[in-house]
Amino acid sequence: MATGTLHSQLVFGCFLVLLLKSNLHTCEQFSIAFSKPSDCGVGGYFDISSLSCAKCGADQISGKSGLNCECQTGFKVLINNGASIICQKCPVSKPGVTQDGYECIRCSGSVGEDGKCECPTGSILVERNVNGTLLEEAVCEACNGTVPALSAPDAKGSRCVRCQDSFISMSQSCMCGSPNILAGGMCFASSSLPTSVVPTISFAQLGLAVPSAWFSGFLYSSAAACLSFTNLTACQTLGNMCVLNMHSMSTIINDACGLYNTIYRATAAQGNNQNIPYWRINMPWLYYGDQPGLASRVLQSEPLPVGFSFKGTNKNTNIELLAAVYTAQGEFIRWESVGRGNLQLCPDTLIREQAAYIFGTAYKQNCVLSVSDLLAGQSEPLFYDIFLVQQKAQGDRRLLAVPILNLNLQFNGQFVNQATNMNSWYLTRRLVLIDTLSGREKSLSSTPRVIRIASNLKIRFQLVPNTQKGAVYPPLMTVSYSDILITDPAKQTVTVSFSVEYEMDQNEARVKTDIALGVLGGVAVVYSLLKTASWKRRIASPLIDFPTILKFLLIYAGDLANVFFIITVGTGLYWLIFYKAQQFVSVLLPLPSQEERFVTYVGCAFALKAVHFLHKLLAQLSVDIFFIDWERPRSKTSKFVEGSGEGKPPAAPVSIWRTYFVANEWNEIQTIRKISPTFQIMAILFFLEVVGFSSLALRDNSSELRRSDEVYTPAYSRILRYGLASVMWLCIGFIQLIFSVFHERFVEDKIRQFVDLCSISNISVLLLSHRCFGYYIHGRSVHGHADTNMEEMNSNLKREAENLCGQRGLLPNSDVQTFQISITSRLRAQYDRILEPLTRRNGPSRLVDASANPFEQSTKAYHTMNRFLGSVIDHAHREMDYIVKDKLLFEKLIGMEFIEPMDKSIFYNDDSYAFADVLFYGNESTLLIFDTLFFCVVDLGSQNFVLAAVLTYLQQLIFRLIRNGLGRRNLVIKTLVDKRFLI
């Protein structure tokens, strides 16, 4: 049995080995060594089939491409089957190799380094007869350069062709003898042009001057051919060289632009093209005049004949640009519509690129391009003359030249186009996007040392002031270039951008805003002074001291914040309505740079409103409050005192639970608001993000709420975004306020309920928001007692509903329970005197009576204050009496009492429940404006409505917690209610 088991284990082991061996081929990873043609050396070549280096055969060396082999010098090709060759050495009698490399031949002239026959200048090499038979000896035939043949060797030196026309014109031969000048393969007579030209091109950003092979070979010849022979392509080539030199002009006359201007002035008698004074016949149009300073005349003298409109039957938002395209050699290629990837270097879909040419759409495109891709795709630059197509009538197409503001242009060493003053600008015409040609030093086929990219291209339209028909001035194209020193093209990148902007003169709007700010700011000063005077009267302080000045500044901060808020909301709403709803274009949105002043106003409004809000919050947290309990003992108890002989029953104590209950209710209503903050935030997000109202803030003329993902989405306007968000926030808030009126009238009014609770609880509330001013809620029960059972409570309420008892008001036959009170200094002094032991307990330790029991002190102070205030309300203190009256209408409007309480306090009837001013409920306008500004400021900084909503909610929550916590603490201190009973 053991043997059988061992046998089965051996079989299983063999099976596993075979299985593993069978899976080796499926699990093996294949790899090859990396090599490239330059690694193969002189004696090898790169085999494209095996992607590796291979050795050349005998008598062979690597070819120029590195992908094949060729015979050594002095060897001819014997066999070539396409895959390999066999070489054979030429005999001594025939040391030369024919041009095709397949035969040996005797040379009549010399043998070159490559082993082939050479001929002297002016001769061509002849190796075969006319019928193709190989000659025994190669013959050098001299071309006849005289009349009538006038021939010379062609570029390959294989046959005689007619001489270049300039040689014939200058010398009637194929020789360019003195005093003529030979340049660029052409013969020129000595002229006014300098013979020594500047072949270098300046890259100012790098501080580098590069000797250009293109300029060295063709600058003088192009200029001379343009001047001497009126050669059209030569003139265009010269103009292109000036464009490559950034149109820069100086006192140097032998650089590209200097030669262009020399010829421009020398050919003035020839006249102009198309009746344009800056466009000389036979020459390209490069400049607007010969000096800076014509920009205002070109850009703002005459508007375009056709206006733009956003809506209606005459809708016209199409911007059609056309470009005449030239090569570097001056050849005209084609007319090309702009907007199909020519001016926009960043790759994108056609529909998104076309959005740049819809009037009113603020277009901006940014991307990062690889330098190696630019070198591979732009081996030779193209030059563009940009025109705006104007369709006056059917079939009448006119082209308006678009001027260019080249920020890299230097005039006498100064970057005049970077100045803010338009009168310093020097406008130009022709444009190049990518220059990979002028930076080549050694030869035109070498890698450029420096390339130049149009990294920032911007088209700007300016609206004609006070237009009502969409009239605009001619567009301006602004371009700035980046110079890139080539070090590692595969790793180097360049950031490019293309944008279209629309602007209008904002001076009038700015002046009107400043006037409104000045007028409303002045009104705010007067109103703040009145509030400060009212505050001084309410604290019974006649002196103007530092606290007075500080109080004025705090009050003025709130009023000035309201001024900024009104102006900014009005401005945002104005642009939102008039820009989006206009038919013919009459207004254009401010540019992002022009919005900075507006954003500053918003920031000022928020900062000042934050100061105002914190000031209000601190004032609410320091309000003096006391609950006056009117309840008195009702009967005797049946419990006798132990050890007493007679058993005298004491009076039943008054329950404190009613006071605790009212205190808890007051604590709960401290942070209630007329609106629901949570609903406010959810609603604003629903309309802005879900419905899509946020699309109205985009910088285009569309009023659509839904946009396709395929179309271009422009950037947001900060003014529109602020106007939209603030107006929607306020509208939703106002709707909630209107709803709260009906809700409080028919469903629930927590402020009125609190007053009713005070009456049922037989407790009055005294609130002092200032030293000598505050509010009084008269809660004295008309039934005399509130400590009762359910049956008696219901009976009392029923009697009150049936008017079988007196009214709740302070005065007989009056229902007025709430009052604004101005108290005398004598009454306030007595109030403070009662609370002095408690105040001293919270003060320095040296003033505290260590033997006193804090609980007993609080209890004693509570009962003393309760009796005192109750006696004052009952007119028990003649020296601290009061009168009840109505406030004047003007007093209500300005929030100031005209009569100062000297001998008697004044209770003003208040049906509006003004005591809510010490709660969040009575400061809804301040809270609504603060929340609006907070939401808008966060959104302006983040451009994200969701983030703004989340942070606004957190802000509301934090301040609500602060108000609840510190308000609870103040309630405990001022009412002498034990904090353990506040829920």
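Three elements, β31 (763–768), α18 (825–841) and α19 (854–873), each contribute at least two residues to the lining of the largest cavity. Helices (H or I, at least four residues) and strands (E, at least two) are DSSP runs numbered from the N terminus. A cavity is a set of points, on a 1 Å grid over the protein atoms alone, where a 1.4 Å probe fits but cannot get out, and lining residues have an atom within 4 Å of a point. The model is a predicted one, in which local features need pLDDT of at least 70 and side-chain atom pairs count only at pLDDT 80 or more, while totals for chains, interfaces and linings use all residues. Residues are numbered from 1 along each chain as its sequence is written, and side-chain values use heavy atoms, with hydrogens and water left out.

The largest contribution to this lining comes from α19, with four residues. In total 13 residues line the cavity, and those nearest its centre are Leu-766, Ile-823, Leu-827, Leu-869 and Val-872. By class, the lining holds 12 nonpolar residues, no polar ones and one charged; here Ala, Val, Leu, Ile, Met, Phe, Trp, Tyr, Cys and Pro count as nonpolar, Asp, Glu, Lys and Arg as charged, and the others, Gly among them, as polar.

The strands β30 and β31 run antiparallel and are joined by six bridges, with Asp-629 opposite Ile-763 in β31. Contact means heavy atoms within 4.5 Å. Axes are lines fitted to C-alpha atoms, for helices over the stretch in contact, and angles run from 0 to 180 degrees between N-to-C directions.

A second open sheet has four strands in the order β7-β8-β12-β11, again with mixed pairing. Its edge strands, β7 (96–97) and β11 (123–128), each pair on one side only. Five bridges connect β11 with β12 in an antiparallel arrangement, and Ile-124 stands opposite Glu-141 in β12.

Two helix pairs can be set side by side. Helices α13 (residues 657–669) and α16 (residues 750–761) pack at about 170°, with their axes 10 Å apart. They are therefore roughly antiparallel, a term for angles over 145 degrees, while those under 35 count as roughly parallel, 65 to 115 as roughly perpendicular and the rest as oblique. On the α13 side the contact involves Arg-658, Phe-661, Val-662, Glu-665, Trp-666 and Ile-669, and on the α16 side Ile-751, Phe-754, Leu-757, Cys-758 and Ser-761. This contact comprises eight nonpolar, one polar and two charged residues. For α4 (residues 213–229) and α6 (residues 256–266), the axes come within 10 Å and cross at roughly 5°; these helices are therefore roughly parallel. Here Phe-215, Leu-219, Ala-223, Cys-226 and Leu-227 of α4 meet Ala-256, Leu-259, Ile-263 and Ala-266 of α6, a contact of nine nonpolar, no polar and no charged residues.

Two backbone details complete the picture. Val-147 and Pro-148 are joined by a cis peptide bond with omega of about 10°, and Pro-148 sits in the loop between β12 (134–142) and β13 (151–153). Ala-540, although not a glycine, has a positive phi of about 55°; Ala-540 belongs to the loop between α10 (507–538) and α11 (546–580).

Definitions and conventions:
On a 1 Å grid over the protein atoms alone, a cavity is a set of points where a 1.4 Å probe fits but cannot get out, and a pocket is an open set with protein on both sides within 12 Å along at least five of seven lines; lining residues have an atom within 4 Å of a point. Two strands pair if DSSP finds at least two bridges between them.
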